[in-house]
Structures are given as C-alpha cells and as structure tokens.
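Dear colleague,

Here is the structure I promised to pass on to you, with some notes on what came out of it. Please read them with the model open beside you.

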Amino acid sequence: MGATFLRSFLVQGAWNYHTMLGTGFAFALLPGLRRLYRQDPDALEAAIRRHTEHFNAHPYLTGVALGAALRLEQEGADEGTVRRFKTAVRGPLGSLGDRLVWASWLPAVALASLVIYWLGAGWAWSSAFFLVVYNAGHLALRVWGLRAGWSAGREVAGRLRAAGLGELAERLGPVGAVLSGLLCGVLGAGPLADAGDGGLWVALASAGFVLGLAAGHRAWRAAAVGTVVAVAAVVVVSSLPGGAG
Amino acid sequence: MGGLQLFGLVVLGGLVGLDGTSVGQFMVSRPLIAGALAGWIVGDPATGIAMGAVLELFLLVSFPTGGSRFPEGSTATVVAVGTASAVGGPGALPLGVALGLAWGHLGGSTVTALRKANTRAAAAPGRPMGPGRVGRALTRGIGMDFARAVLLTAAGLTVGTGLLSSPARAWPLSDDRSLALLIVGGFVSAGISLHGLGGARARGLWFLTGAAMGVAAMRIL
C-alpha cells in the first residue's frame with residue numbers, strides 16, 4: 001500500500017479528456033496488481049486494461065477508489081463488478097472533494113495566510129503557515145482515503161458517509177466567510193486607507209466586492225482584464241507629453 | 001538578473017507548473033508560495049511574496065477543478081516576480097502583477113493544449129496497455145507538462161523584461177497608490193468568494209463580523 005500511496009501523488013500525471021485519470025489510476029495500482037497476478041501475466045494485463053479506462057475523482061480522494069479497487073481485485077471480483085464500482089464512486093468522490101478541498105479548505109487556508117501576511121508577518125511565516133496547515137489537511141485526507149478504501153472495499157460508500165466530509169465542508173463555510181471579511185477589513189483599514197485620496201480606493205474596492213458578490217465567477221475575467229487595462233492606461237497617460245510622469 | 005537566477009526561475013516555473021496538476025498538488029504552485037520562492041531565487045523574498053499575495057488575492061477563486069479551464073497562477077507568479085526583479089523601478093509591482101494576470105490566461109490555454117495532446121496519445125490505437133506502457137504514458141505526460149511550464153516561464157520572462165523596463169522606470173504612481181490600484185481588482189475575487197460560500201444572505205453576518213475584526217486588528221497593530 002505504501003507504493004500505491006506514493007504513486008497516488010502522480011494520479012493526474014497524464015490527465016486527458018478521454019480517460020481523465022485512467023492512466024494515473026492504473027499506474028498507482030500497479031504494485032498491488034503485480035503482487036496479486038504475479039503468476040498470471042494475462043490476468044495482469046487484463047487488470048491494467050480495465051483500470052486504464054475512464055475514471056475521474058478529486059485527486060486527494062482517489063485513494064478511496066484505489067484502496068477499494070485493490071480490495072475488490074484481491075477478493076477476485078469479476079470485471080463487471082470492478083467497473084460498476086468505479087463508475088459508482090467517481091461522481092461522489094469528485095464532487096465531495098471539490099466541495100471540501102477546492103471550495104472550502106484551500107480558500108480558507110489561503111485567506112488566513114493572506115490575513116497573516118497583511119497583518120505584518122514576514123514572508124517566511126506567511127508561506128510556512130500556508131504550506132504546513134494546508135498540507136496537514138491534504139495529507140491526512142489522502143492517508144485516510146486509501147486506508148478507508150482498502151479496509152471497507154465495496155462498502156466504502158458507508159464509510160464515506162460516516163466520515164461526515166460533506167458536513168465538514170458545510171462547517172467550513174462560515175469560517176471562510178469570517179476570513180474573507182477579515183481580509184477585506186485588514187486591506188480596507190491598511191493598504192487602501194494608506195493610499196489616501198479621501199477614501200476613493202476604499203469606495204472603488206467596495207464596488208468591486210459588490211460586483212463579485214452579485215455576479216459570481218462571471219465577474220472574474222472582467223476584474224483581471226480591468227486591472228491590466230488600468231495599469232496599461234497609467235503607462236499610456238504618463239508617457240503622453242505633459243502626462244503624470 | 002544573472003544567468004544562474006534566470007536558470008533557477010525557469011526550473012522553478014517548471015516545478016510549480018507540475019505541482020499545479022500533474023504531480024502532488026501540495027499547492028507550492030499557489031501564487032503566495034511561488035512568489036516567495038521566486039523572490040528567494042532573485043534575492044528578495046519579501047518583494048516576491050508581496051507580488052504573490054496580490055496575485056493570490058486575484059486567484060482566490062481559481063482552482064484546478066476537474067476538466068475546467070483555469071488561469072495558471074504558478075508560472076504566472078514566477079514570471080511576474082522575475083520580471084519585476086529584472087526591470088526594477090517604481091512600476092515593478094503593478095506592471096509585474098499585470099503581466100502575471102495576462103500570463104496566467106496564456107498558461108491556462110497551454111494546460112488545455114497539453115490535455116488535448118494527452119488525449120490524442122490515450123485514444124491512439126495500439127498495443128494494449130501493459131505495465132511498461134502505463135509507466136511510459138505517465139512519464140511522457142509529466143515530462144511534457146514540465147517542458148510546457150519551463151517554456152512558458154522562459155517566454156514570459158523574455159517578454160516581460162523586453163517590454164516593461166522603460167514603463168517601469170517612468171511609472172508615475174506612488175507605491176501606496178499602485179498597491180491600492182491592484183487591490184481594488186482583487187476585491188472582486190473576495191466578493192466572488194463570498195458568493196461561492198452562499199452569498200450575503202447566508203454568510204453576510206459572518207463576513208461583517210470578520211470585517212469588523214480586521215479593521216480593529218489594523219487599528220490595534
């Protein structure tokens with residue numbers, strides 16, 4: 001299981017729109033499959049073929065499927081059972097991981113790190129805080145996932161429900177909102193207030209915040225393009241005869 | 001910027017590009033960390049993390065979810081910090097960040113192109129997958145991703161240092177106003193973040209509590 005765990009860090013190494021994680025999934029399972037089918041090269045090749053087929057999940061939770069698939073192979077489950085199992089778990093493992101990690105854990109730790117940075121902690125503390133705290137959760141999830149999959153096998157769905165990862169993501173929502181507010185407060189009373197101009201920057205930032213709150217992800221491109229255009233406009237204006245420069 | 005520093009930045013670009021999706025996802029690829037590392041390579045980690053923090057604020061809502069197309073913050077941050085260090089001047093921060101935002105979009109396009117190349121390889125007819133072929137396919141994918149990120153970083157540093165030296169020296173705004181200009185754009189991401197957490201109705205009270213705490217902390221510190 002140790003080799004499978006280490007290989008699971010490469011599960012997205014050949015990510016593609018055809019089999020998605022399929023190649024990485026089979027690569028991570030290889031040490032276990034080799035051990036199971038060491039006397040039967042044809043069975044090994046068949047096992048590799050079925051595990052390179054289409055599979056997708058959140059990378060941190062792929063270990064759940066890896067452990068359970070290895071357990072099914074060890075129990076001698078037929079090809080159809082293994083395929084049906086992987087098809088059944090890939091959706092939940094993807095959406096649960098997206099909600100827990102990408103939408104909750106990563107933003108929360110990133111927000112906290114930014115708050116720490118703008119409160120005056122040095123570069124080393126801010127970056128060390130992010131890496132240590134984020135990866136404590138990341139690695140714990142990977143270790144737990146592989147163990148849960150291996151020990152529960154085809155019953156892993158029940159283990160996932162009992163772990164309450166969805167509820168954990170829900171509970172991180174208010175934490176993220178407090179941290180988001182904290183960051184806005186720190187930036188508003190710090191760098192934006194320091195820039196002066198009678199509160200102009202605070203007013204502009206508030207308008208930007210409301211735009212993001214109202215429009216969601218659709219506003220992101222406008223913000224990025226708007227910032228690039230604003231910087232370019234300052235360059236152009238300052239280069240004109242009698243410009244700000 | 002010396003040759004050794006340039007080499008270090010390009011290799012760093014390749015490594016953080018890998019961390020984004022292909023290898024590990026320890027989030028060394030987040031702008032905050034990539035900025036500090038790039039700053040360390042050019043001998044100024046404080047400036048590196050300052051640029052990384054601004055880009056992190058923008059990219060708070062950008063994550064490598066499934067098959068979605070997302071701006072690549074990792075190589076973009078290395079390009080931004082390397083360019084700012086090379087061009088210097090009062091405009092190094094805003095011009096570096098603007099270049100980073102543009103380069104992040106380009107980086108996202110190259111990730112999509114790489115995935116399409118991987119798709120062609122995975123769908124190609126041939127011998128059935130054996131143990132050796134699985135390993136080779138993975139090595140090929142990771143190698144191509146590293147090469148992609150290295151080339152993207154090198155190209156960004158070339159473009160940035162070539163185009164931005166003169167505007168960076170002539171930049172007219174003070175450091176405070178330059179930072180404020182960038183943070184205004186970043187506040188849109190903070191709004192999007194609250195939108196994603198359930199919006200003002202569900203989380204507004206939590207957000208306002210945090211904002212009050214943030215203002216109080218700045219008054220005290």
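The expected span of a helix is 1.5 Å times one less than its number of residues. In this predicted model, helix α9 of chain A covers residues 200-215, and because its 16 residues should then span 22 Å, the 23 Å between its end C-alpha atoms agrees with that expectation.

The buried residues of α9(A) are A:Trp201, A:Ala205, A:Gly208, A:Phe209, A:Gly212 and A:Leu213. Seen down the helix axis they fall within an arc of 135 degrees, so they line one face of the helix. What covers these buried residues comes from both chains, and includes α8 (165-194) and α10 (218-239) of chain A as well as α7 (175-196) and α8 (199-220) of chain B. Just after α9(A), the backbone at A:Gly216 takes a positive phi of about 65 degrees.

Turning to chain B, its secondary structure comes to 8 helices and 0 strands, and its C-alpha atoms fill a box of roughly 65 × 50 × 25 Å when taken along the principal axes. Of the 221 residues in chain B, 57% are buried, and among its contacts between residues at least 6 apart in sequence, 74% join residues at least 24 apart.

As for confidence, the mean pLDDT of chain B is 93, with 97% of its residues reaching 70 or more, while the model as a whole scores ipTM 0.95 and pTM 0.94.

Terms used
Residues numbered from 1 in each chain as written. Chains lettered and ligands numbered in written order. Predicted model: local features only at pLDDT ≥ 70, side-chain atom pairs only at ≥ 80, totals over all residues. pLDDT = per-residue confidence, 0-100. Helix = DSSP H or I, 4+ residues; strand = E, 2+ residues; numbered from the N terminus. Buried ≥ 20, exposed ≤ 12 C-beta atoms within 10 Å, placed from the backbone. Arc of directions from axis to C-beta. Contact = placed C-beta atoms within 7 Å.
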